[in-house]
Amino acid sequence: MTPIAVVTGGAGAIGGSIAAALGASGHTVVVLDSAGDPPVDLADRDDVKSAAARVLEAQGRCDVLVHAAAAFDRAPLSELDLEGWRRVQSVNVESALWLAQSFAPGMAERGFGRIVLVVSDTVWDPPAPDLLAYVASKAALIGIARTLARALGRDGITVNCVAPGLTPTPAAVADTAPEAFAQVQARQAINRSLAPEDVAATVAFLAGDAAGAVTGQTLCVDGGLVLR
């Protein structure tokens, strides 16, 4: 039986690479994205729950959930407002919870499930004060992964995080000063530019049988910028 993988943010560079890697490893991939077909507003709980219900109706189950979507609204503490804060937390954190809530019961019933949350190495190395909401959201996901790993492990479900470093995706290039990429790369243990495929390969590993004993962990895919 072909495993079903759901990938949020699959229309983006990293999410798209993850979807492609999972597809290449034999999964049927369903993308949930604001630019998807149909579009899904990941900031809206009801829309997220409806999307999950459509997946279960159309596919019958979800075996792998990968949350790669992220809102990247920027504001320092002095300019942070409630609307911006809540949007980032809704997209980055809460949508992952609602999807896990929808899919975990079926995973538990079958005795197999993989949940992978894409976070960021900025949790350990915040690069700018205006990333407050974003970094906080990624740290929250790590706490969620650790808690769910304990809660769901007896049912055969693993829950892990993957933390990319600064990767020159179109969105990152549009939002980051060009010199920042060279500066970050110079600090990495491995002196090369990162690629979405680096993250995708790690996610595909965590989604497979080979990672069956790995849970509650965060794997940094950042060329050794953060050493944990």
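Student: Which residue in β4 does leucine 65 stand opposite?
Tutor: Leucine 65 stands opposite isoleucine 115 in β4. This is a predicted model, in which local features need pLDDT of at least 70 and side-chain atom pairs count only at pLDDT 80 or more, while totals for chains, interfaces and linings use all residues. Residues are numbered from 1 along each chain as its sequence is written, and side-chain values use heavy atoms, with hydrogens and water left out.

Student: How many bridges join β3 to β4?
Tutor: Four bridges join strand β3 (residues 64–67) to β4, and the two run parallel. Strands (E, at least two residues) and helices (H or I, at least four) are DSSP runs numbered from the N terminus, and two strands pair if DSSP finds at least two bridges between them.

Student: And how many bridges between β4 and β5?
Tutor: Strand β5 (residues 157–164) pairs with β4 in the parallel sense over six bridges. Within β5, asparagine 160 is the bridge partner of valine 116. The chain passes from β4 to β5 through helix α4 (residues 132–152), a right-handed β-α-β crossover. Right-handed means that, with the strands pointing away from the viewer, the path from the first strand over the helix to the second runs clockwise.

Student: Is β4 covered on one face or on both faces?
Tutor: Both faces are covered: Gly113, Ile115 and Leu117 are buried on one side, and Arg114, Val116 and Val118 on the other. Buried means under 20% relative accessible area, exposed over 50%, and partly exposed in between (1.4 Å probe, protein chains only).

Student: New topic. How many aromatic pairs are there?
Tutor: The count comes to one aromatic pair. The centres of the rings of phenylalanine 72 and tyrosine 134 are 4.6 Å apart and their planes are at 75 degrees, so the pair is edge-to-face. Rings of Phe, Tyr and Trp (its six-membered ring) pair if their centres lie within 6.5 Å; planes under 30 degrees apart count as stacked, over 60 as edge-to-face and the rest as tilted.

Student: Where do phenylalanine 72 and tyrosine 134 lie?
Tutor: Phenylalanine 72 is in the loop between β3 and α3 and tyrosine 134 is in helix α4, so the pair ties together parts that are 62 residues apart in sequence.

Student: Are they buried or exposed?
Tutor: Phenylalanine 72 counts as partly exposed, at 35% relative accessibility, whereas tyrosine 134 is buried, at 11%.

Student: Finally, which residues are buried in α2?
Tutor: Val48, Ala51, Ala52 and Val55 are buried in α2. The face turned away from the buried side carries the exposed residues Asp46 and Glu57.
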